[in-house]
Amino acid sequence: MNNHLSDEEFFSIYGKVPRLAVDVVIRSDEGILLSLRAIEPHKGLWHLPGGTVYREETVVEAARRIAKKETNLDVIVTNCLGYMEFLNEVRSGVSMHSVSVVMEAVHKGGELKHDGDAEELRWHREQPEEMIGEHAEFLKSKNLLQK
C-alpha cells in the first residue's frame, strides 16, 4: 500500500487540517540523537528525527519507520513522552498546523547513517544553540538535554 502523498496532495490536505506527526527521542549512552536539517523547512537547524504518520499505521510503527529511514537505526520504542504542536509552520509558502507525538526509543541495531534530508547526525548530551524552537522547548521541559 502506497501511503506517500504527492506534494500537491500534501499541501492541499495539510493546508486545511492538522497533520499528525511523530518525533523520536533516540537514546544511547552517548546522549540523544539529533539530525542537522539539509532541507527546508528549518534548514541548518538541529532537530529530532520525525515525520508524518501514515494512514493505517500506528504511532509506534511510524516511529520505527522514521528512525530507520532518517538514521538507519533499528529502535525499540519504549515510551510516549508527550507532544509538540507547530501552529504556524510554513512549508513551501503554505501555513500548516502539525501535532507531533514524541516517542522515546533505544537503539537496538543498525549502523548510524543519515538520509538526504540531513547533513549530519550526532549524539548530544547538551542542547545545541541552533535548534528548531519547538524541539528545544520540548527537550528543555522534559530535562532531556542540558543547556
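**Figure 1. Polar contact between Ser98 and Arg19.** In this predicted model, the side chains of Ser98 and Arg19 are joined by a polar contact of 3.0 Å (a pair of N or O atoms within 3.5 Å, of which, within protein, one must be able to donate a hydrogen and the other to accept it; residues adjacent in sequence count only if both atoms are side-chain atoms). Ser98 belongs to strand β6, residues 94–109 (helices, H or I of at least four residues, and strands, E of at least two, are DSSP runs numbered from the N terminus). With a relative accessible area of 1%, Ser98 is buried (buried is under 20%, exposed over 50% and partly exposed in between, for a 1.4 Å probe and protein chains only). Leaving aside residues up to four places away in sequence, Ser98 touches Arg19, Met84, Glu85, Phe86 and Glu89 (contact means heavy atoms within 4.5 Å). Residues are numbered from 1 along each chain as its sequence is written, and side-chain values use heavy atoms, without hydrogens and water. Because the model is predicted, local features need pLDDT of at least 70 and side-chain atom pairs count only at pLDDT 80 or more, whereas totals for chains, interfaces and linings use all residues.

**Figure 2. Aromatic cluster of Phe10, Phe11 and Tyr14**. Two aromatic pairs are found in a search of the whole structure (rings of Phe, Tyr and Trp, the last by its six-membered ring, pair if their centres lie within 6.5 Å; planes under 30 degrees apart count as stacked, over 60 as edge-to-face and the rest as tilted). Phe10 and Phe11 make an edge-to-face pair, 5.3 Å centre to centre with 85° between the planes. The ring centres of Phe10 and Tyr14 lie 5.0 Å apart and their planes stand at 70°, so this pair is edge-to-face. Phe10 and Tyr14 are four residues apart in helix α1 (residues 7–14) and therefore separated by about one helical turn. Phe10 and Phe11 are both buried, and Tyr14 is buried as well.

**Figure 3. Charged end of Arg65 over the ring of Tyr54**. The charged end of Arg65 is 3.8 Å from the centre of the Tyr54 ring (a charge sits over a ring if NZ of Lys or CZ of Arg is within 6 Å of the ring centre and within 35 degrees of the ring normal).

**Figure 4. Surroundings of Met131.** Met131 is placed in the loop between β7 (118–124) and α3 (133–141). Its relative accessible area is 8%, so Met131 is buried. Not counting residues up to four places away in sequence, Met131 touches Leu34, Leu45, Trp46, Ala136 and Leu139.
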